[in-house]
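Hi,

Here is the structure I said I would pass on.

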Amino acid sequence: MTRRKIIYWYFNAGHEMATFAESPQLLINKVRDAGGLAFLAHPDDPEAAAFRETDISWEDWSVQNYTGIELWNALSELKTIVPTKLHGAFYALFRRLWHHPIPNTIAKWDELLGTVNGWWRSAAPMRTPCT
């Protein structure tokens with residue numbers, strides 16, 4: 001049996017939405033119908049075997065009408081650079097060395113901005129710069 005990885009945030013939905021969590025699209029629809037905002041969490045969140053952390057990266061990119069994605073998560077980023085507990089201790093001491101978004105996440109965001117997948121495209125028409 002495979003474990004499904006469905007992790008997202010929602011805000012301002014007015015009530016609990018956990019009963020709809022089995023289906024990412026259904027949850028997004030219910031949150032939006034309730035006037036809330038739905039964000040896909042952990043676009044890239046790899047395994048960190050040294051800490052027994054599993055990969056919880058977002059997988060279902062076929063969903064539509066979500067508000068946005070999580071662009072930066074410190075723990076997700078840390079998991080990309082800590083193959084051992086010693087690395088984990090080093091980066092815990094020198095936090096300034098690792099505070100930036102995961103490049104794959106930014107690339108995915110750039111890709112999504114080129115589609116009509118999110119609400120933003122219909123909210124404001126794209127304009128070309130004046131020449």
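**A cavity and its lining**

I'll start with the second largest cavity, which has a volume of about 50 Å³. Bear in mind that this is a predicted model. The structure holds two cavities of 30 Å³ or more.

What lines the second largest cavity? The lining residues are Pro43, Asp44, Glu70, Leu71, Trp72, Asn73, Ser76, Pro101, Ile102 and Thr105. By type, that lining splits into five nonpolar, three polar and two charged residues.

Two of the lining residues, Ser76 and Thr105, are worth a look on your screen.

**Thr105**

Thr105 sits in helix H4, which covers residues 103-113. Buried or exposed? Thr105 counts as buried because its relative accessibility is 2%, and the cut-off for buried is under 20%. The Thr105 side chain makes a polar contact of 2.8 Å with the side chain of Asp44, and Asp44 is itself part of the cavity lining. If you skip neighbours within four places in sequence, Thr105 touches Pro43, Asp44, Ile69, Glu70 and Leu71.

**Ser76**

Ser76 belongs to helix H2, residues 74-79. With a relative accessible area of 2%, Ser76 is buried too. Which side chain does Ser76 pair with through a polar contact of 2.5 Å? That partner is the side chain of Asp45. Again leaving out neighbours within four places in sequence, the contacts of Ser76 are His42, Asp44, Asp45, Pro46 and Ile102. Asp44 therefore turns up in the contact lists of both Thr105 and Ser76, where contact means heavy atoms within 4.5 Å.

**The nonpolar core**

Moving on to the core: the largest nonpolar core has twelve residues, namely Ala13, Met17, Leu27, Ile28, Val31, Ala38, Leu40, Trp58, Val63, Tyr66, Ile69 and Leu112. Helix H1 (24-33) and strand E2 (37-40) are the elements that give two or more residues to this core. H1 supplies the largest share, three residues. Ile69 from this core is also one of the contacts of Thr105.

**The chain as a whole**

How many helices and strands are there in the protein chain? The chain has five helices and three strands, and from the N terminus on they run β-α-β-β-α-α-α-α. Of the 131 residues, 31% are buried. Among contacts with a separation of 6 or more, 58% are between residues 24 or more positions apart.

Cheers

Notes: Residues numbered from 1 in each chain as written. Predicted model: local features only at pLDDT ≥ 70, side-chain atom pairs only at ≥ 80, totals over all residues. Heavy atoms only, no water. Core = buried A, V, L, I, M, F, W, Y, C linked by side-chain atoms within 4.5 Å. Buried < 20%, exposed > 50% of the residue type's maximum accessible area, 1.4 Å probe, protein only. Helix = DSSP H or I, 4+ residues; strand = E, 2+ residues; numbered from the N terminus. 1 Å grid on protein atoms, 1.4 Å probe; cavity = no way out; pocket = protein on both sides within 12 Å on 5 of 7 lines; lining within 4 Å. Points joined across faces, edges and corners; volume = space filled by probe spheres on them. Nonpolar A, V, L, I, M, F, W, Y, C, P; charged D, E, K, R; others polar. Polar contact = N/O pair within 3.5 Å; in protein donor to acceptor, adjacent residues only side chain to side chain.
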